[in-house]
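I opened this notebook to record what I looked up about charged side chains, cores and helices. The entries are kept brief and follow the order in which I went through them.

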Amino acid sequence: MDRYTSTIGLVINKKTSKEADLVITLLTPKMGKIVALAKGAKNIKSSRLGNLQLGNLIKVQLYQKNNFIWLSESQNIDSFLQTKKNLAQLNLLFYFLEIVNQFIAENQQIENIFDISKNIITAINKNFIHQYIQNEILFIETLGFGIPIEIKQNFSKKDYKVCQKLIKRFFESIIEKPLESNKLFK
């Protein structure tokens, strides 16, 4: 990364650091998954906090100093929570963002993963389950995992509920532990 750079990114994780700072994880087209510190982003005067919500597509100004990436400015391109969402959509978003965080290492850039992830979030946003699962299967293939035949069969039969359960089980078998996002809405 250049010392100063501008990029677009999907907000895939955020954590509070100190009182007013946020540690933001972004999935970018060219740099892959990066973690940046947004100093003072939780401050009441900061305009960045609204842009740094999970699932948002944002344009950011970054700079690198002392082996850290700092997020200085952010501009919202597409806000996931701009319109009212149902719990199923929120659960799918958190589920998918957890998968991205589990399967993509920091500073790892995988060809097409940004576009596929953006398509998945758009499908969740528009409640297009067919596109969501289709892109989820593409996500798995792009990561280099083979797709189990029962997932393909259920997708071709348009049995999306069973297909999604099988995909979730497949992800959990790869990481060898249950996904945490399911516990949010139970």
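I am working with a predicted model, in which local features need pLDDT of at least 70 and side-chain atom pairs count only at pLDDT 80 or more, while totals for chains, interfaces and linings use all residues. Residues are numbered from 1 along each chain as its sequence is written, and side-chain values use heavy atoms, with hydrogens and water left out.

**Entry 1, Lys85.** I looked up Lys85 and found it in the loop between strand 5 (68-78) and helix 1 (87-103); helices (H or I, at least four residues) and strands (E, at least two) are DSSP runs, numbered from the N terminus. Lys85 is buried yet has no salt bridge, where buried means under 20% relative accessible area, exposed over 50% and partly exposed in between, with a 1.4 Å probe and protein chains only. A salt bridge is a side-chain nitrogen of Lys or Arg within 4 Å of a carboxyl oxygen of Asp or Glu. The nearest side chain of opposite charge is that of Asp78, 8.0 Å away; in this count Lys and Arg are positive and Asp and Glu negative, with His and the chain ends not counted.

What does the side chain of Lys85 meet through a polar contact of 2.5 Å? It is joined to the side chain of Asn125, a polar contact being a pair of N or O atoms within 3.5 Å, of which, within protein, one must be able to donate a hydrogen and the other to accept it, and residues adjacent in sequence count only if both atoms are side-chain atoms. I also noted that a polar atom of the Lys85 side chain lies 3.0 Å from the backbone oxygen of Phe80.

**Entry 2, salt bridges.** How many salt bridges does the rule give? The count comes to 2. In one of them Lys39 pairs with Asp21, with the closest N and O atoms 3.0 Å apart. Lys39 lies in the loop between strand 3 (32-38) and strand 4 (57-65) and Asp21 in strand 2 (residues 21-28), so this pair ties together parts that are 18 residues apart in sequence. I recorded Lys39 as partly exposed at 43% relative accessibility, and Asp21 as buried at 7%.

Lys168 and Glu172 also form a salt bridge, at 3.0 Å from N to O. These two residues are 4 apart in helix 5 (residues 160-175), and are thus separated by about one helical turn. Lys168 is partly exposed at 22% relative accessibility, whereas Glu172 is buried at 16%.

Leu27 and Ser117 are 90 residues apart in sequence, and their C-alpha atoms are 8.6 Å apart in space. Leaving out residues up to four places away in sequence, Leu27 touches (heavy atoms within 4.5 Å) a set of residues including Ile8, Leu10, Val100, Phe114 and Ser117.

Which residues touch the most other members of the largest nonpolar core? Of its 39 residues, these are Phe139, Ile167 and Phe171; a nonpolar core is a set of buried Ala, Val, Leu, Ile, Met, Phe, Trp, Tyr and Cys residues joined through side-chain atoms within 4.5 Å. Strand 1, helix 1, helix 2 (113-126), helix 3 (129-143), helix 4 (149-156) and helix 5 each supply at least two residues of this core, and the largest share, 8 residues, comes from helix 1. Apart from this core lies another, of 15 residues, among them Leu22, Ile24, Leu52 and Val60.

The 16 residues of helix 5 should span 22 Å at 1.5 Å a residue, and the end C-alpha atoms are 23 Å apart, which agrees; the expected span is 1.5 Å times one less than the number of residues. The buried residues of helix 5 include Tyr160, Ile167 and Phe171, and what covers the buried residues includes helix 1, helix 3 and helix 4. Just after helix 5, Glu176 takes a positive phi of about 60°.

Helix 3 has 15 residues and reaches 21 Å from its first C-alpha to its last, close to the 21 Å expected. Its buried residues pack against helix 1, helix 2, helix 4 and helix 5. Just after helix 3, I noted a positive phi of about 100° at Gly144.
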